[in-house]
Amino acid sequence: MAQTGHHDRGKKFLILANEPFYKDHWIKIDQDRLDRYDRMFQWNPASLSLYEPADIRPGHVVADFGCGPGHTAIEIAKWVGPGGHVHALDINSEFVTQSRKNANAAGVGDRVTAHQCDGSILPLPDESLDRLTTRNTIIYVDDPERTIREFRRVLRASGRVHAIEGDWPMMVIEPVRRRTCFCHSIERAIGAFKMHCNNAIKEQIASNRSNHRSME
Ligand SMILES: C[S@@+](CC[C@H](N)C(=O)[O-])C[C@H]1O[C@@H](n2cnc3c(N)ncnc32)[C@H](O)[C@@H]1O
């Protein structure tokens with residue numbers, strides 16, 4: 001499983017590439033667990049303050065990545081109103097079906113489209129979204145940097161990604177068989193964000209340089 005290693009401040013970290021635990025964990029869900037998740041992932045009004053900074057407005061086109069049974073996507077569909085649209089994305093096919101059923105039952109089926117995807121490629125055109133929300137899901141993707149690049153591709157220039165990650169304790173509780181998983185997961189998520197920020201800073205510096213040259 002441990003395929004590559006690298007040195008950081010003299011300490012060797014194992015990079016657990018292709019760790020299948022989390023993919024299997026979300027792809028194969030028995031009916032009992034599906035029922036529990038449908039109750040667990042209900043929209044809770046207490047979550048509103050977490051989503052307020054996303055500034056989702058009527059008419060917006062929004063994707064919710066890692067939508068589970070779709071309750072957050074349904075709430076967002078109410079915020080965007082009949083002029084907006086929500087794409088509910090999840091790796092689990094039962095969640096995709098359940099999101100459609102729940103959206104129809106909530107009366108917003110015409111403005112919610114549910115898709116199955118694992119985050120390596122989002123099934124959405126370039127620059128098609130105003131907002132992308134994701135809660136407790138980036139930690140599970142195979143390649144966070146690639147997924148974040150996809151987020152960027154599908155967002156309009158004025159768009160915004162709103163990521164909420166608070167599932168760290170699950171990383172300790174669930175993969176009890178692998179003690180390194182918790183550190184590894186934090187490391188890979190932080191690494192991906194750092195890489196993304198560094199790239200954005202490099203792009204900004206390059207653009208400042210070219211603006212400066214064109215002014216000379
Ligand atoms: C902890 S649940 C969070 C559900 C929902 N976002 C919420 O906060 O109520 C993680 C969700 O991400 C989905 N997921 C896990 N890995 C994924 C991946 N690689 N691509 C897309 N969805 C994924 C799971 O199927 C699950 O619905």
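Author: A residue is called buried here when its relative accessible area is under 20%. The model is predicted.

Start with threonine 72. Its relative accessibility is 8%, so threonine 72 counts as buried. This residue belongs to helix H4, which spans residues 71–80. Setting aside residues up to four places away in sequence, threonine 72 touches Trp43, Tyr51, Asp64 and Arg135.

Now the whole helix. Which residues of H4 are buried? They are His71, Thr72, Ala73, Ile74, Glu75, Ile76, Ala77 and Val80. That makes eight of the 10 residues of H4, so the helix is largely enclosed by the rest of the structure. For the protein, 42% of its 216 residues count as buried. Just after H4 comes glycine 81, with a positive phi of about 70°.

Next, what H4 lies against. H4 lies across strand E3 (61–65), E4, E5 and E6. Its direction runs at about 165° to that of E4. Helix H5 also packs on the sheet, where it touches E4 and E5. The direction of H5 makes about 170° with that of E5.

The sheet itself is open and has five strands. Their order is E5-E4-E3-E6-E7, and the pairing is parallel. E5 and strand E7 (155–164) are the edge strands, each pairing on one side only. From one strand to the next, the twist averages 20°. Strands of a sheet pair through backbone hydrogen bonds, in parallel or antiparallel fashion. Strand E6 (residues 129–135) pairs with E7 in the parallel sense, over six bridges.

Then the core. The largest nonpolar core has 16 residues. Ile56, Ile76, Val80, Val86, Ala88, Val108 and Val112 have the most contacts inside it. Two or more residues each come from H4, strand E4 (85–90), helix H5 (93–105) and strand E5 (112–116). H4 gives the largest share of this core, five residues. Take valine 112 as an example. Beyond its neighbours within four places in sequence, valine 112 is in contact with Ala73, Ala77, His85, Val86, Ala88 and Ala103.

For contrast, look at helix H2 (residues 31–40). Its buried residues are Arg33, Leu34, Tyr37 and Asp38. These cover an arc of only 145° around the axis, which puts them on the same side of H2. On the other side of H2, Asp32, Arg39 and Met40 are exposed. The spacing follows a general rule. An α-helix has 3.6 residues a turn, so residues three or four places apart point the same way.

Last, the wider setting. The protein has eight helices and seven strands. Take the contacts between residues at least 6 apart in sequence: 74% of them join residues at least 24 apart. The accessible surface comes to about 12200 Å², and 54% of that belongs to carbon and sulfur atoms.

Methods:
Residues are numbered from 1 along each chain as its sequence is written. This is a predicted model: local features need pLDDT of at least 70, side-chain atom pairs count only at pLDDT 80 or more; totals for chains, interfaces and linings use all residues. Side-chain values use heavy atoms; hydrogens and water are left out. Helices (H or I, at least four residues) and strands (E, at least two) are DSSP runs, numbered from the N terminus. Buried means under 20% relative accessible area, exposed over 50%, partly exposed in between (1.4 Å probe, protein chains only). Contact means heavy atoms within 4.5 Å. Accessible areas come from the Shrake-Rupley method with a 1.4 Å probe; for residues, only the protein chains shown count as cover. A nonpolar core is a set of buried Ala, Val, Leu, Ile, Met, Phe, Trp, Tyr and Cys residues joined through side-chain atoms within 4.5 Å. Two strands pair if DSSP finds at least two bridges between them. Axes are lines fitted to C-alpha atoms, for helices over the stretch in contact, and angles run from 0 to 180 degrees between N-to-C directions. The arc is that of the directions from the helix axis to the C-beta atoms.
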